[in-house]
Amino acid sequence: HTLSENCDYTVHSGNNRNSYMGSSLVNCENVYYSDWAFYSKDCSDLYLSQHMERCYECMECEQCYQSIWLENCTGLSFSGFCFDCRSSQNLLGCVGQRQKKFMILNQPVSESVFQETYKRLRIDSAFRADFVKKFEALRLSMPVKSMWDKNSENCSGNYIANSRNAKNAYAVKDIEDGSHLFEVGTLKDGMDVTRCARGEFL
């Protein structure tokens, strides 16, 4: 762990502070049990996430604050158990929402109902288990993208961002002309690459 302070059991990582048991952490502070996390603070159990703060159990998320159990979400705050939601706050068990506030299982609710439900989710394990079943049923009833990509052209795989001509690529960004890639960032003309931050002609 390069240029890091108090970061035991972190590998392939740099510029971190007070983090523990992580892999591929960059510019993180107080981040634990996470993998491929960047520019995040006071979080645990992140994967493929960046610019997160006070979050737990989030995958492929960006710019979220004080939220739990998110997947494929951007710009959420005070939310939990959400999938494919953007620029929203105070969501619970929601799928595919954009610029929304105070919703539970894709239905609008009052602030008081939201707060009471959020409290019960935190302290009542039976209530939480039942809620998760309802959320999963809602998630399965909604259309799902065949591939998660952003600003990409002529690519195949999944979780691809800002890339061109990336084939059989997974969890990559800023790729130009690459194939058979996994967890790679900023690469040009490479193939058969795993866990690389920057490279050319690999």
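Tutor: Start with a contact list. Glutamate 62 touches Gln50, His51, Met52, Cys73, Thr74, Gly75 and Lys150, leaving out residues up to four places away in sequence. Keep in mind that this is a predicted model.

Student: Where is glutamate 62 found?

Tutor: Glutamate 62 is in the loop between β6 and β7 (68–71). Its side chain makes a polar contact with the side chain of lysine 150, at 2.6 Å.

Student: Which residues is methionine 59 in contact with, leaving aside its neighbours within four places in sequence?

Tutor: Methionine 59 lies in strand β6 (residues 56–59). Beyond those neighbours, methionine 59 is in contact with Tyr47, Ser49, Leu70, Glu71, Asn72 and Tyr159. Methionine 59 counts as partly exposed because its relative accessibility is 27%.

Student: Now the cysteines. How many disulfides does the count come to?

Tutor: A disulfide is a covalent bond between the sulfur atoms of two cysteines. Here the count comes to 0 disulfides. Cysteine 73 is in no disulfide; the nearest cysteine sulfur, that of cysteine 85, is 4.8 Å away.

Student: Are cysteine 43 and cysteine 73 buried or exposed?

Tutor: Cysteine 43 is buried, at 2% relative accessible area. Cysteine 73 is buried too, at 0% relative accessibility.

Student: On to charges. How many salt bridges does the structure hold?

Tutor: Side chains of opposite charge can pair when their charged atoms come close. This structure holds 11 salt bridges. One of them joins the side chains of glutamate 5 and arginine 17, at 3.7 Å from N to O. Glutamate 5 lies in the segment before β1 (10–11) and arginine 17 in the loop between β1 and β2 (22–26), so the pair ties together parts 12 residues apart in sequence.

Student: Which parts of the chain does the pair of arginine 139 and glutamate 71 link?

Tutor: Arginine 139 forms a salt bridge with glutamate 71, with the closest N and O atoms 3.2 Å apart. This pair links distant parts of the chain: arginine 139 sits in helix α2 (residues 125–141) and glutamate 71 in strand β7, 68 residues apart.

Student: What about arginine 195 and glutamate 183?

Tutor: They form a salt bridge too, and their closest N and O atoms are 2.2 Å apart. Arginine 195 is partly exposed at 26% relative accessibility, whereas glutamate 183 is buried at 1%.

Key. Residues are numbered from 1 along each chain as its sequence is written. This is a predicted model: local features need pLDDT of at least 70, side-chain atom pairs count only at pLDDT 80 or more; totals for chains, interfaces and linings use all residues. Side-chain values use heavy atoms; hydrogens and water are left out. Helices (H or I, at least four residues) and strands (E, at least two) are DSSP runs, numbered from the N terminus. Buried means under 20% relative accessible area, exposed over 50%, partly exposed in between (1.4 Å probe, protein chains only). Contact means heavy atoms within 4.5 Å. A polar contact is a pair of N or O atoms within 3.5 Å; within protein, one must be able to donate a hydrogen and the other to accept it, and residues adjacent in sequence count only if both atoms are side-chain atoms. A disulfide is a pair of cysteine sulfur atoms within 2.5 Å. A salt bridge is a side-chain nitrogen of Lys or Arg within 4 Å of a carboxyl oxygen of Asp or Glu.
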